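Please read these notes with the model open beside you. They go through a few features, point by point.

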Amino acid sequence: MQIKAINEELLLQNAVIVDPFKDNIYEADILIGKGKIKNIEQKIDPKNVKICEDLRGSYIAPGFIDLHTHLREPGNEDEETIATGVKAALAGGFTKICCMPNTDPPIDTATAVEFVRQKAARADRCRVYVIDDCPGNLQRLCPPGFVVEDHDVVLYGLCDACNAVAGPA
């Protein structure tokens, strides 16, 4: 189901909610108003709500993270671009993706990282991170004073033959 911006309250009924923060899975209704969750309860009375959707059998969960994504851009845009990869990720429930650096040319310079940063900035509702291909590249790839934060495009890990391995930032 695709939901566009609406001015009315929206009631999602009978959804299976996956809450990893409380290690809980349960069925409930969700009331949304002005783009924010207003209420989650077992049963919410729909009498004053104009838009109701029965989601019986559907799951609602926080966005997933893909730690091993091949976006193919730059170099092989005929196979996939950052925009098409993001669209596919969002369709599958992924709101953060980490792209491998094995593009052609590889994402191994500050210019290449900035290219991904600019393309990813247009990727609505999905954060794109770059997995670094060489240990110790942090200083070389980033300008002085650059701070890696959650909202930035670049996540530094190690890529050993494109098998992501966690590494120090």
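1. Some terms come before the details. Buried means under 20% relative accessible area, exposed means over 50%, and partly exposed lies in between (1.4 Å probe, protein chains only). Helices (H or I, at least four residues) and strands (E, at least two) are DSSP runs, numbered from the N terminus.

2. This is a predicted model, in which local features need pLDDT of at least 70 and side-chain atom pairs count only at pLDDT 80 or more, while totals for chains, interfaces and linings use all residues. Residues are numbered from 1 along each chain as its sequence is written, and side-chain values use heavy atoms, with hydrogens and water left out.

3. Phe94 is partly exposed, with a relative accessible area of 26%. Phe64 is also partly exposed, at 43%. One aromatic pair turns up in a search of the whole structure. Rings of Phe, Tyr and Trp (its six-membered ring) pair if their centres lie within 6.5 Å; planes under 30 degrees apart count as stacked, over 60 as edge-to-face and the rest as tilted. The ring centres of Phe64 and Phe94 are 5.7 Å apart and their planes meet at 55°, so the pair is tilted. It links distant parts of the chain, since Phe64 is in strand 6 (residues 64-69) and Phe94 in strand 7, 30 residues apart.

4. Which residues of helix 1 are buried? They are Ile82, Gly85, Val86 and Ala89. Seen down the axis of helix 1, these buried residues fall within an arc of 100° (taken from the directions from the axis to the C-beta atoms), so they line one face. An α-helix has 3.6 residues a turn, so residues three or four places apart point the same way. The face of helix 1 turned away from the buried side carries the exposed residues Ala83, Lys87 and Ala91. Just after helix 1, Gly93 takes a positive phi of about 90°.

5. A nonpolar core is a set of buried Ala, Val, Leu, Ile, Met, Phe, Trp, Tyr and Cys residues joined through side-chain atoms within 4.5 Å. The largest one has 15 residues, and Val86 is among those that touch the most other members. Helix 1 (82-91), strand 7 (94-99), helix 2 (110-121) and strand 8 (127-130) each give two or more residues to this core. Helix 2 gives the most, with four residues. Another core, of seven residues, lies apart from it and includes Leu10 and Leu55.

6. Gly57 lies in the loop between strand 4 (51-54) and strand 5 (59-60). At 60% relative accessibility, Gly57 counts as exposed.
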